[in-house]
Amino acid sequence: MSKDAVNTATADVRPAQGQVPADAGDAGYSKDLKARHVNMIAIGGAIGTGLFLGAGGRLRDAGPALALAYLVAGVFAFFVVRALGELVLYRPSSGSFVSYAREFLGEKGAYVAGWMYFLNWSTTGIADITAIALYTHYWSLFTDIPQWVLALIALAVVLAVNLISVKIFGEMEFWFAIIKVATLVAFMVVGVFLLATQHEVGGGTPGLNMITDNGGVLPHGVMPVVLVMQGVIFAYAALELVGVAAGETAEPEKVVPRAVNSIMWRVGLFYVGSVVLLALLLPGSMYSADESPFVTVLSKIGVPAAGDIMNLVVLTAAMSSLNSGLYSTGRILRSMAMAGSAPKFTARMNRSQVPYGGILLTCAVCVLGVGLNFLLPHQAFEIVLNVASLGIISTWVIIMICHLIFVRRARAGLATRPSFRLPGSPVTEIATIAFLLSVLGLMWNDPEIGRKTLLLVPVIAVMLVAGWYGVRRRVARETDRELDGLTR
């Protein structure tokens, strides 16, 4: 049966029932996530490995202008999550944007959205376990342990925790986020104190001279700032977790607007503020891609224990990101499996109402990352970061396209927009899509990794097409079964 026929029949059913039919993948979940959990998941999504580890190498390459890159990307990231928040209030779903893509773009759209998101988080998981291994090597006790061994241990620990229950996941993310926020606030207080007192940092006096005496705001020109933009996008890659988590909270209409609206000031304070402070405290050349920039600063002020504490915190942040990735892909894959576009076993749930099948599939890909850490320990993080950026950019573009169609249907009287809305539609969506696609295109200017990453796009496209032809009959059967259920 065609998708148009399904849409027509579904539309006929809606007026009688008075509500949008729920996604089949939403059944079976508990509603154990509280407001504080979702709020902290939003914070955790805005503060992760991309800031704690990735900012070091990017600050070295791009200089203080990195703060502007974070600000610009942060504005568009806010537009994306605001659009997603509006869709969530229209119809909360644990399948999140995959469920919305199914409604507004059809099964093919949901298929592409889901698998590109899986690509994002499975490769992000590799980046996270790589970061964990790098952080652990900071301590001499673990220096002799191979990076791939540490990565495997981290993956095993987070997998075990994630399979227990969504309530445990929520509690872990709550406390992980509190640790990250408290640490960043403490670091910023220390940084402001160092600036105010002109305390020596690494043999130099902090202040504007750290920028003016080391090449200015753009020490290496504009192009390095452009080239790091995909890494900046990666830093915000978990913001859409709010939409996934909304499917497992009892009052999304109260929780989601508050969580989404708080993202903008967090971006301004934690990302832009932290990078400005880092640039004022040390020259960009003193930062490294192999060490957190916060660890670098605290180690330079002559308090080694401070560096140890910060390293433990950023290690926690990487564990948090990995934990979130397993959580979100488990839910997304279950939504896809219920529609027939993902393997059947990814729809399975354990007694604690956790979709363990999808979580295990993501872990299987992360195991490949353990092999990458074995073969290319010094390049593993940057390689998977660029591949993950393909997934997150495509996911965000799909969210904005879904929102455009949703608004168009609302104006035609076929849907009702909630009071919590993305401002400036359709200009906001179009500008965001243009920005994201430009970031993708600019990766071509990076011959080392970016260009090679773009060359993977045709390969991914072929794999998606081949996969669709493999699942389309099963998708059609599941669609017909859902239609039968609606019309009885």
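Which residues does Tyr-236 touch, not counting residues up to four places away in sequence? The points below take up this question and then turn to other parts of the structure.

1. The structure is a predicted model. In this model, Tyr-236 touches Tyr-70, Ala-73, Gly-74, Ala-77, Val-267, Tyr-271 and Trp-396, leaving aside residues up to four places away in sequence.

2. **The nonpolar cores.** Tyr-236 belongs to the largest nonpolar core, which has 143 residues, and is among those with the most contacts inside it.

3. **A nonpolar patch on the surface.** Leu-68, Leu-71 and Val-72 form a surface patch, with about 230 Å² of accessible area together. Leu-68 lies in helix H5, residues 66–90. Leu-68 counts as exposed because its relative accessibility is 54%, and the cut-off for this class is over 50%.

4. **Gly-170 in helix H8.** Gly-170 is placed in helix H8, residues 166–197. Its relative accessible area is 0%, and therefore Gly-170 is buried.

5. **The loops on either side of H8.** Ile-164 is found in the loop between helix H7 (147–162) and H8. With 42% relative accessibility, Ile-164 counts as partly exposed. Ile-164 touches Ser-352 and Val-354, not counting residues up to four places away in sequence. From Ile-164 to Arg-351 the C-alpha distance is 9.2 Å, while the two are 187 residues apart in sequence. Gln-198 is in the loop between H8 and helix H9 (209–212). Gln-198 is not a glycine, yet it has a positive phi of about 55°. Its relative accessible area of 42% makes Gln-198 partly exposed.

6. **Helix H15.** How many of the eight residues of helix H15 are buried? Six of them are, and the helix, residues 293–300, is mostly covered. The buried residues are Pro-293, Phe-294, Val-295, Thr-296, Val-297 and Leu-298. H15 is followed by Gly-302, whose phi is positive, near 85°.

7. **Salt bridges.** Side chains of opposite charge can pair when their charged atoms come close. The whole structure contains four salt bridges. In one of them, Glu-103 pairs with Arg-91, with the closest N and O atoms 2.9 Å apart. Because Glu-103 lies in helix H6 and Arg-91 in the loop between H5 and H6, this pair ties together parts that are twelve residues apart in sequence. Both Glu-103 and Arg-91 are buried. Another salt bridge joins Arg-102 to Glu-107, with the closest N and O atoms 3.2 Å apart. Arg-102 is buried at 9% relative accessible area, and Glu-107 is buried at 10%. Arg-60 forms a salt bridge with Asp-61, the closest N and O atoms being 3.1 Å apart. Here Arg-60 is partly exposed at 32%, and Asp-61 is partly exposed at 34%.

8. **Cysteines.** How many disulfides does a search of the whole structure find? The search finds zero. A disulfide is a covalent bond between the sulfur atoms of two cysteines. For Cys-366, the closest cysteine sulfur is in Cys-363, at 5.8 Å, which is too far for a bond; the cut-off is 2.5 Å. Cys-366 is buried, with a relative accessible area of 1%. Cys-402 is likewise buried, with a relative accessible area of 1%.

9. **A cis peptide bond.** The peptide bond from Ser-425 to Pro-426 is cis, with omega near 5°. Pro-426 is placed in the loop between helix H18 (380–411) and helix H19 (427–442).

How values were computed. Residues numbered from 1 in each chain as written. Predicted model: local features only at pLDDT ≥ 70, side-chain atom pairs only at ≥ 80, totals over all residues. Heavy atoms only, no water. Helix = DSSP H or I, 4+ residues; strand = E, 2+ residues; numbered from the N terminus. Buried < 20%, exposed > 50% of the residue type's maximum accessible area, 1.4 Å probe, protein only. Core = buried A, V, L, I, M, F, W, Y, C linked by side-chain atoms within 4.5 Å. Contact = heavy atoms within 4.5 Å. Patch = residues over 30% accessible without salt bridge, like charges linked within 9 Å, V, L, I, M, F, W, Y side chains within 5 Å. Areas by Shrake-Rupley, 256 points an atom, 1.4 Å probe, with all protein chains shown as cover. Salt bridge = Lys/Arg side-chain N within 4 Å of Asp/Glu carboxyl O.
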